[in-house]
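Me: Please look over the ligand site of this protein with me, and after that a few points of its backbone and its charged pairs.

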Amino acid sequence: MKDASPGRITVPSILERKRSGSAQKITALTAYDYLFARLVDRAGIDLILVGDSLGTVIQGNESTIPVTLDQVIYHAKCVTRAVQHALVVGDLPFLSYQISPEQALESAGRLLKEGGVAAVKLEGGVHMAETVRRLVQIDIPVMGHVGLTPQSYHRMGGHKQQGKKSLKTERAAAGTAERIVEDALAIEDAGAFAVVLEGIPDELATEITSKLSIPTIGIGAGPDCDGQILVLHDMLGVDPEFRPRFVKRYANLGETISSACKLYGEEIRSGAFPAPSAKLVKIPRAK
Ligand code: KIV
């Protein structure tokens, strides 16, 4: 049996970042295909999530709910083929794990065996703890996800920030600050190696991060988490019309792609492209 190649990010190395008190934050991005995954990986990002956000980003749905396990496995295969360095985590989509722990074991097992990922992510806290425990017992590493859980789209009435209210001000417990703390603690207790904190107030994320001994990976949860994750297409600005408050744009690829396509069309129409074959230069494909 081979060890993970030197320099490869593993589940123990992610856990170790927090346990050793390392000040080095965990870097994470989503990816859904071979070329983007290769670029993210070669840029030295620690963790790549094949997120069910592919339902909105790639498929154009309003929410992640329609995504199927087969679709995540398909995208995971594309991503894991490219990655040499990062830890690849596959997202369990809606209704591929909520029915029973047995269903979760089967779905997570397929993501590892067919998709090639090293760990799975699932949404939910206290009510999912038993499922997390069962997965961890058979050595399937699990990353939790609490706070704004996109698969709860209909309960939340959209992708809305959670944890702003306390039990004193809200009757239903789901989405309150106290409940999100309990959720994160339950997921840690069940054996998860990390937990995503999405769409919660900064102070709540700070509190949870200080209470947990596993790393917290924030998205829209302020600067104090042990790491940060963003949806790749959001931080690259691929969709000029989509700009959530917490996303920093590191590029404006949408505009670059639009201009390139417009120029391409104009040049075909004007006859500027293609140049006579003799003038074409062969560009070697990047390794
Ligand atoms: O599906 C996804 O991309 C996610 C991240 C936003 C954490 O769950």
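This is a predicted model: local features need pLDDT of at least 70, side-chain atom pairs count only at pLDDT 80 or more; totals for chains, interfaces and linings use all residues.

Me: Which residues with polar side-chain atoms lie 2.5 Å and 3.1 Å from an oxygen atom of the ligand?
Reply: The ligand is surrounded by a set of residues that includes D52, S53 and D91. For D52, an N or O atom of the side chain is 3.0 Å from an oxygen atom of the ligand. The distance of 2.5 Å belongs to a polar side-chain atom of S53, and that of 3.1 Å, again to a ligand oxygen, belongs to one of D91.

Me: How many residues of the shell around the ligand are nonpolar, polar and charged?
Reply: Among the residues surrounding the ligand are L49, V196, I219, I229 and V231, along with T30, G51, K121 and H145. Divided by class, the residues of the shell are five nonpolar, four polar and three charged.

Me: Which residue forms a salt bridge with R17, and how many residues apart in sequence are the parts that the pair ties together?
Reply: A search of the whole structure finds 11 salt bridges, and in one of them R17 pairs with D46, with 3.1 Å between the closest N and O atoms. Because R17 lies in helix α1 (residues 11-19) and D46 in the loop between α2 (34-42) and β2 (47-50), the pair ties together parts that are 29 residues apart in sequence.

Me: Which residue has a positive phi although it is not a glycine, and which residue does a cis peptide bond join to F273?
Reply: In the loop between β3 (87-91) and α5 (101-113), the residue with a positive phi, of about 70°, is L95. The cis peptide bond, with omega about 0°, lies between F273 and its partner, which is found in the segment after α11 (253-270) and is P274.

Conventions
Residues are numbered from 1 along each chain as its sequence is written. Side-chain values use heavy atoms; hydrogens and water are left out. A residue is near a molecule or strand if one of its heavy atoms lies within 4 Å of it. A polar contact is a pair of N or O atoms within 3.5 Å; within protein, one must be able to donate a hydrogen and the other to accept it, and residues adjacent in sequence count only if both atoms are side-chain atoms. Ala, Val, Leu, Ile, Met, Phe, Trp, Tyr, Cys and Pro count as nonpolar, Asp, Glu, Lys and Arg as charged, and the others, Gly among them, as polar. A salt bridge is a side-chain nitrogen of Lys or Arg within 4 Å of a carboxyl oxygen of Asp or Glu. Helices (H or I, at least four residues) and strands (E, at least two) are DSSP runs, numbered from the N terminus.
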